[in-house]
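The sequence and structure are shown first, and the description follows.

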Amino acid sequence: MIYVLLVFWIISGILAIQARKLIRIIVYLAIFSTISAVCFFVFGAPDVSMAEVAVSSFSTVFLIVCFEKYFTLVTEVTKDPPHKEKLSKRARKFILPACFTAAIALLFVYFLPDGTVNTYLRDLYLYRFRLDVGGENAATSIYLGYRVYDTLFEALMLLISVVSVAHMSWRAETDETDAHFAGVTKSDTVDVYTIRILCPAMLIFGVYLILNGHISPGGGFQGGVAIASFFICRYLIYDVYDVRFGKIMIFEKMTFATLIILAVLFVFLGVYIQLPQLRIPYLLAMNMLIAMKVAFGFIIIFYRYIAFERR
Amino acid sequence: MNFEIVELFAIAMFFISLFGLITSKGVIKGIISMITMEIAVVMFFLSIGFQTGILPPIGRDVGDNVADPLPQALMITAIIIGVAVTAVNMTMLIALSRQFKTTEWDILKKKKME
Amino acid sequence: MFAVWILLAFMFLYIIRTVQGPTIWDRLLGMSLISVKVIILIVAYASFSNRGYLLDYALIYALFGFISLIFIAFFILDRTRGNK
Amino acid sequence: MELLGNIVIVIGLVFMAFGALGLYKFKDFYLRLLVLAKIDTVGAITFMVGIIIRHGFSFFSLKVLLIIVLFLILNPLTAHIIARAAYLSIEGIDEESDDGTGGR
């Protein structure tokens with residue numbers, strides 16, 4: 001069953017890469033991330049598939065705004081004459097890179113480690129994670145307990161990318177005028193009305209993901225993206241642009257600071273071992289902080305892109 | 001050479017997007033193949049140690065056929081950061097297209113020369 | 001388990017339809033059909049391998065797959081009407 | 001119960017087969033849109049009713065019922081969005097002048 005899904009996955013991947021007209025790329029990429037979300041289910045990783053599903057709407061929106069600006073701004077496009085393409089030019093453009101990638105592929109596959117995957121580490125984690133970190137969800141307890149160091153730097157990378165997006169497209173005054181975005185309809189048509197009904201469901205689901213991230217599949221990252229996609233729907237409904245960036249940027253940096261303090265206090269100073277009953281609140285607090293950070297980060301990126309759209 | 005066939009699919013996708021990256025005429029095609037490359041890497045990590053009918057590692061002990069929680073924990077953050085990095089790429093692309101009015105590599109090289 | 005195989009066959013038909021669809025709108029139609037088919041596939045997979053918790057994700061997936069469709073539809077609307 | 005459930009599932013699959021067949025037979029785009037709006041929704045709902053019958057009265061079938069309700073809302077809505085956007089762009093009618101008479 002999984003092999004057929006993976007064949008579809010590769011087909012949609014090839015389609016997305018070689019699409020001639022740019023508009024088709026968005027549709028093919030949406031199919032690509034849909035099928036990869038299902039593949040993650042079958043691989044036994046529901047958290048990752050939920051992250052992929054929640055994020056696919058974001059990458060679609062970023063692609064759309066990027067193409068919108070591309071079509072308006074770019075004027076010089078090389079119209080390479082297909083018929084006059086000599087072999088040497090086509091060779092340079094197509095055949096050489098093809099055999100280059102094929103060579104690397106063969107090398108890589110040849111040196112791929114074979115033999116059965118020894119499951120020592122997996123058994124260790126599965127056996128120990130309830131005692132050390134608490135909570136039922138092994139993946140959450142790993143990236144919050146055993147490998148909290150990576151999570152801190154992941155949050156730092158998110159902060160850096162948010163800051164770079166904000167400042168590369170910074171506009172001093174973000175006026176609260178009506179931000180017209182690609183013909184978003186007035187607020188009484190059918191689709192906007194149903195979004196208004198569905199939006200609370202998305203918000204409640206995001207909060208659900210955060211709060212019991214350590215029991216059922218979920219956790220800070222997916223919950224944050226779910227809440228951020230609630231703000232996308234809010235933008236679709238009200239189509240007004242009243243997000244104050246200064247406050248959100250400061251607030252995001254504060255969340256990041258409290259995240260570091262909490263992690264350092266708990267894991268590195270060893271409070272963990274003396275007060276075992278504080279474990280579940282620690283997991284909850286970390287999940288909430290990460291979710292707030294991710295949600296603010298994505299809101300800023302989304303609204304900066306909407307600002308791009310209007311300029 | 002008895003690794004699972006599933007990993008081969010992910011590796012194949014990685015090299016297809018690498019090929020797409022190499023032969024991309026414009027910057028946009030490069031960003032698109034980078035997106036597919038990221039998802040291919042995530043798929044490869046998750047397909048390690050895959051048996052049919054594998055169960056997620058939530059609330060299960062060592063006994064039965066459970067998926068490895070470690071790569072899953074790393075891949076959740078990898079996807080979120082991947083999208084944030086894609087957003088940064090696109091901001092640069094928009095700034096580039098505003099200044100140079102083009103996103104084709106050949107024209108950009110000529111323009112840089114001046 | 002037979003239903004899952006048949007659903008995959010339908011998905012393949014939709015992918016072909018998306019590739020050869022004449023207008024961009026057919027591709028959008030193909031995309032939404034595939035995302036609907038994916039939800040049914042998850043429900044079928046959950047019921048045949050009787051894992052109850054997978055159903056929450058089918059529910060969630062129906063919500064989230066729907067937002068990207070709205071943005072794409074409006075973008076293409078603006079695009080094609082722009083150069084009329 | 002199991003057999004009855006399987007029969008209903010097969011009926012749902014037959015509906016979906018008609019949908020897939022229709023997708024290739026209809027020449028006009030709006031007819032193909034009918035597949036998404038009606039045929040696929042009906043096929044999916046009979047499929048899930050079959051699953052509910054297969055699983056009898058349990059927490060599982062309650063969730064499937066919730067998914068059916070969500071389907072009833074979302075599927076026609078996506079078809080509406082695509083149809084409206086396609087109509088506006090193919091006919092090139094601006095929003096303001098669209099007084100619903102279709103202009104033809």
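In the predicted model, residues C:W25, C:D26, C:L29, C:S32, C:L33, C:V36, C:I40, C:V43 and C:S47 of α2(C) meet D:F29, D:R32, D:L33, D:L36, D:D40, D:A44, D:F47, D:M48, D:I51, D:R54 and D:H55 of α2(D). Contact here requires C-beta atoms, placed from the backbone, to lie within 7 Å. Helices (H or I, at least four residues) are DSSP runs numbered from the N terminus. By class, this contact of α2(C) with α2(D) comprises 13 nonpolar, 3 polar and 4 charged residues. Ala, Val, Leu, Ile, Met, Phe, Trp, Tyr, Cys and Pro count as nonpolar, Asp, Glu, Lys and Arg as charged, and the others, Gly among them, as polar.

The axes of α2(C) and helix α2 (residues 29-55) of chain D are 11 Å apart, at an angle of about 5°; axes are lines fitted to C-alpha atoms over the stretch in contact, and angles run from 0 to 180 degrees between N-to-C directions. α2(C) is therefore roughly parallel to α2(D), a term covering angles under 35 degrees.

C:L54 belongs to helix α3 of chain C. Beyond its neighbours within four places in sequence, C:L54 contacts A:F41, C:I42, C:Y45 and C:A46. A C-alpha separation of 16 Å lies between C:L54 and C:F64, which are 10 residues apart along the chain.

## Chain A: interface and domains

Between chains A and B, 84 residues of chain A are in contact with 72 residues of chain B. Helix α3 (residues 46-73) of chain A supplies the largest share of the chain A side, 13 residues. That side has 55 nonpolar, 17 polar and 12 charged residues.

An automatic or database assignment divides chain A into domain 1 (1-75) and domain 2 (137-311). In chain A, 13 residues of domain 1 are in contact with 15 residues of domain 2. The domain 1 side of this contact has 9 nonpolar, 1 polar and 3 charged residues.

## Confidence and conventions

The model scores ipTM 0.90 and pTM 0.88. Within chain C, confidence is highest in helix α2 (residues 24-48), at a mean of 88, and lowest in helix α3 (residues 54-82), at 81.

Residues are numbered from 1 along each chain as its sequence is written, while chains are lettered from A and ligands numbered from 1 in the order in which they are written. For this predicted model, local features need pLDDT of at least 70 and side-chain atom pairs count only at pLDDT 80 or more, whereas totals for chains, interfaces and linings use all residues.

Definitions and conventions:
pLDDT is the predictor's confidence in each residue, from 0 to 100. Helices (H or I, at least four residues) and strands (E, at least two) are DSSP runs, numbered from the N terminus. Two residues are in contact if their C-beta atoms, placed from the backbone, lie within 7 Å. Angles under 35 degrees count as roughly parallel, over 145 as roughly antiparallel, 65 to 115 as roughly perpendicular and the rest as oblique.
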